[in-house]
Amino acid sequence: MSLKIVVLAKQVPDTRCVGKDAMNADGTINRAALPAIFNPEDLNALEQALRLKDTHPGSTVTILTMGPGRAAEIIREGLYRGADNGYLLTDRAFAGADTLATSYALATAIRKIGEYDLIIGGRQAIDGDTAQVGPQVAEKLGLPQVTYVEEIEEVSGKAIRVKRHIDGGVETVEAPLPIVLTVNGSAAPCRPRNAKLVMKYKRALGGQEKAALTKDGAALPYADQYEKHPYLNITEWSVADVNGDTKQCGLSGSPTKVKKIENIIFQAKESKTLTGSDADVENLIVELLANHTIG
């Protein structure tokens, strides 16, 4: 059986590079101050989708993401690995969205996409760490959901069987299709880019990226390629395109408000310098055993 799979992916700031300018005064993330990357657990979700595509001929994988024009890079990264197409939700009205507004926007876009059997996303994004968007999308679409997925074992007929991580072990769950799954970072890592697909999609661009390249009357590089090869045109949708309600999008649709931001710097109150001698190592082990840090 062939499957129609939608992968929810997000371009996130690289939290390894967080500094004093990482947040704006209004409590939103200053994305311009941080490098942007593919959310790690969304890559795990993409791999699960691509494995299903490999084992179910005729299946399609669609990337759905929301963000500014530069977030088209997420769709390209998906195409490089084997996804078939993608949609970028991009509109000033989407800016500043919390999980409620984000899930609303994604759900309206999925309704516009129409046909789907599975919606798969990462457990959570590293910029918010809430793990709320996937379950909220499921609720808004009226779909069953399975979270903390480690592996998709089988899809047959109108049912799916997955392994999910729970406290103290692993649980096997069977559920009907269509369904929303969220995938852990401990699931299989995503495959690398495919060289042939990189060559095929390296010039794929969204509308805002094209506008930036043609600013001040400049000619669009390789303009003829976008007419000959429609797959190089990344589809962008606004709030109006997905029939969304602007009151439920972005900051206006976000009940979550950041009231205060503090920069906390941890300072060592006590430190010891140890050599590599057997005596120092033995004394450290005795101390750690005594205060129950180990043992």
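## Close-up views of a predicted model

View 1. Val 7 sits across from Ile 120 of strand 6. This is a predicted model, in which local features need pLDDT of at least 70 and side-chain atom pairs count only at pLDDT 80 or more, while totals for chains, interfaces and linings use all residues. Residues are numbered from 1 along each chain as its sequence is written, and side-chain values use heavy atoms, with hydrogens and water left out. Strand 1 and strand 6 (residues 118-122) run parallel and are joined by 4 bridges. Strand 1 also pairs with strand 4 (residues 60-66), in the parallel sense and over 5 bridges; here Leu 8 stands opposite Leu 64. Two strands count as paired if DSSP finds at least two bridges between them. Strands themselves are DSSP runs of E with at least two residues, helices are runs of H or I with at least four, and both are numbered from the N terminus.

View 2. Helix 2 (residues 72-81) is mostly covered, with 9 of its 10 residues buried. Among them are Ile 74, Ile 75, Leu 79 and Tyr 80. Just past the end of helix 2, Gly 82 takes a positive phi of about 130 degrees. The side chains of Arg 76 and Glu 209 form a salt bridge at 2.8 Å, N to O. Such a bridge is defined as a side-chain nitrogen of Lys or Arg within 4 Å of a carboxyl oxygen of Asp or Glu. Arg 76 belongs to helix 2 and Glu 209 to helix 6 (residues 207-213), so the pair ties together parts that are 133 residues apart in sequence. Both partners are buried: Arg 76 has 7% relative accessibility and Glu 209 has 15%.

View 3. In total, the structure holds 16 salt bridges. One of them joins Asp 117 and Lys 158 at 4.0 Å, N to O. Asp 117 lies in the loop between helix 3 (99-113) and strand 6, and Lys 158 in the loop between strand 7 and strand 8 (159-166), 41 residues apart. Asp 117 is buried at 13% relative accessibility, whereas Lys 158 is exposed at 56%. Arg 161 and Glu 153 form another salt bridge, with their closest N and O atoms 2.8 Å apart. Arg 161 is partly exposed at 26%, and Glu 153 is partly exposed at 31%. Through shared partners, salt bridges also join Glu 47, Arg 51, Asp 54 and Arg 191 into one network.

**View 4. Two aromatic pairs.** The structure has 2 aromatic pairs. Rings of Phe, Tyr and Trp (its six-membered ring) pair if their centres lie within 6.5 Å; planes under 30 degrees apart count as stacked, over 60 as edge-to-face and the rest as tilted. Tyr 87 and Trp 237 are stacked, because their ring centres are 4.2 Å apart and their planes meet at 20 degrees. Tyr 87 is in strand 5 (residues 85-89) and Trp 237 in strand 12 (residues 233-237), 150 residues apart. Trp 237 is buried, at 10% relative accessible area. Tyr 201 and Tyr 231 make an edge-to-face pair, 5.6 Å centre to centre with 80 degrees between the planes. Tyr 201 is buried at 6% relative accessibility, while Tyr 231 is partly exposed at 35%.

Technical notes. Buried means under 20% relative accessible area, exposed over 50%, partly exposed in between (1.4 Å probe, protein chains only).
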